Amino acid sequence: MADLTTKYLGLTLRNPIIVGSSGLTDSIDNILELERAGAGAVVLKSLFEEQILIETEANLRKAYENDMIYSAKSESLDYIDLHIKEETLGHYIKLIGEVKSKAVIPVIASINCVSSVEWTSFARRVENAGADALELNIALFPSDMSADNEKTENIYFDIVSKILKQVTIPVALKIGPYFTNLAGMINRLSKTGINGLVLFNRFYSPDFDINTLTEKSANTLSNSAEATNILRWIAIMSGKVNCDLCATTGIHDGQGVIKQILAGATTVQVVSTLYKNGIGILNEIADELNKWMDDKGYNNIQQFRGMMSQGESTNPSAYERIQFMKYFSEIR
Ligand SMILES: Cc1cc2nc3c(=O)[nH]c(=O)nc-3n(C[C@H](O)[C@H](O)[C@H](O)COP(=O)(O)O)c2cc1C
């Protein structure tokens, strides 16, 4: 039996399989079930920046005055209207405390944010409640044609710098892939003092119902084909950044996990596969990883992590050629 122990964000995990932020991680009962099912760690369901801001009306007003992205159509504001009466922040802090007192696996709190306004001081409450680490889901989706690239990118650095002043627990950033120079951005972010980058955020996809002529959401859950872009970027950046890399999106089974670790991921996060196959899949994934390591003669994960990254590859261009005639010409 191989040793699956993994160090991520300075924390010791019994295996590299983390349950990502989702409805599966929003209650103590669910989290204890995930722990029993074999999760290496959990990322709590995200608290939205807007939920934190709304605690004081003054802060919310300030956010509007600063022309922030909370338009009348903002999905998150609807969410707040529904949930604010439930004292969301208090519940979140209580949940962290409960998980820490009852679960053994590390608990990573999560905040979904789009700016560095006043909400950042809340991170200290998360730390004081006992969270082992904090994951920031920076959910900026630049669709404003007049927006300045540099200004948009600076939001990431502003958020990180403010958060790092508030907490001493490890911090990970979950980001999307939409940057002009993705490799440069990942590299620069990794040097800010954060402990990990979670690649990549999976954005809500719109779809149309052509009968009712209404908008709806599409593909709420991922499929395993989506993991190839993650594999590409983990492989390109592995060994070149100053922090851990955690792979997320489209990782559905043991093979998917093995591939991301071969590319250089320290850990992976899984969500859709748990919704599709039930949480029992966590144990199956760990078993598959274990069996593969035994077959290959690996005793621990460090022995093969990053082995197929671009830096170690005999064919580095395989990751960079995004249209490769040889492969396309094979299809008739
Ligand atoms: C029902 C559901 C709720 C989610 N909620 C959050 C959330 O609150 N915060 C967050 O950062 N990601 C959230 N996600 C995104 C997941 O953490 C993950 O990044 C995404 O589903 C891709 O991973 P997967 O392919 O394993 O599903 C959610 C995903 C699903 C399906």
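A polar contact is a pair of N or O atoms within 3.5 Å; within protein, one must be able to donate a hydrogen and the other to accept it, and residues adjacent in sequence count only if both atoms are side-chain atoms. The model is predicted, with local features requiring pLDDT of at least 70 and side-chain atom pairs pLDDT 80 or more, while totals for chains, interfaces and linings use all residues. Residues are numbered from 1 along each chain as its sequence is written, and side-chain values use heavy atoms, with hydrogens and water left out.

In the side chain of Asn137, an N or O atom is 2.6 Å from a ligand oxygen; for the side chain of Ser222 the distance is 2.5 Å. Gly250 takes part through a polar backbone atom, 2.7 Å from an oxygen atom of the ligand. Taken alone, the ligand exposes 610 Å², of which the protein buries 85% (Shrake-Rupley method, 1.4 Å probe).

Lys100 lies in helix α5, residues 88–102 (helices are DSSP runs of H or I, at least four residues, and strands runs of E, at least two, numbered from the N terminus). Lys100 counts as partly exposed because its relative accessibility is 30%, between the limits for buried, under 20%, and exposed, over 50% (1.4 Å probe, protein chains only). Beyond its neighbours within four places in sequence, Lys100 is in contact (heavy atoms within 4.5 Å) with Val107, Gly130 and Asp132. With the side chain of Asp132, the Lys100 side chain makes a polar contact of 2.8 Å.

Helix α5 also meets helix α1. In α1, residues 28–37, the buried positions are Ile28, Ile31, Leu32, Leu34, Glu35 and Ala37. These pack against α5, α11, α12 and the strands β3 and β4. Just after α1, Gly38 has a positive phi of about 115 degrees.
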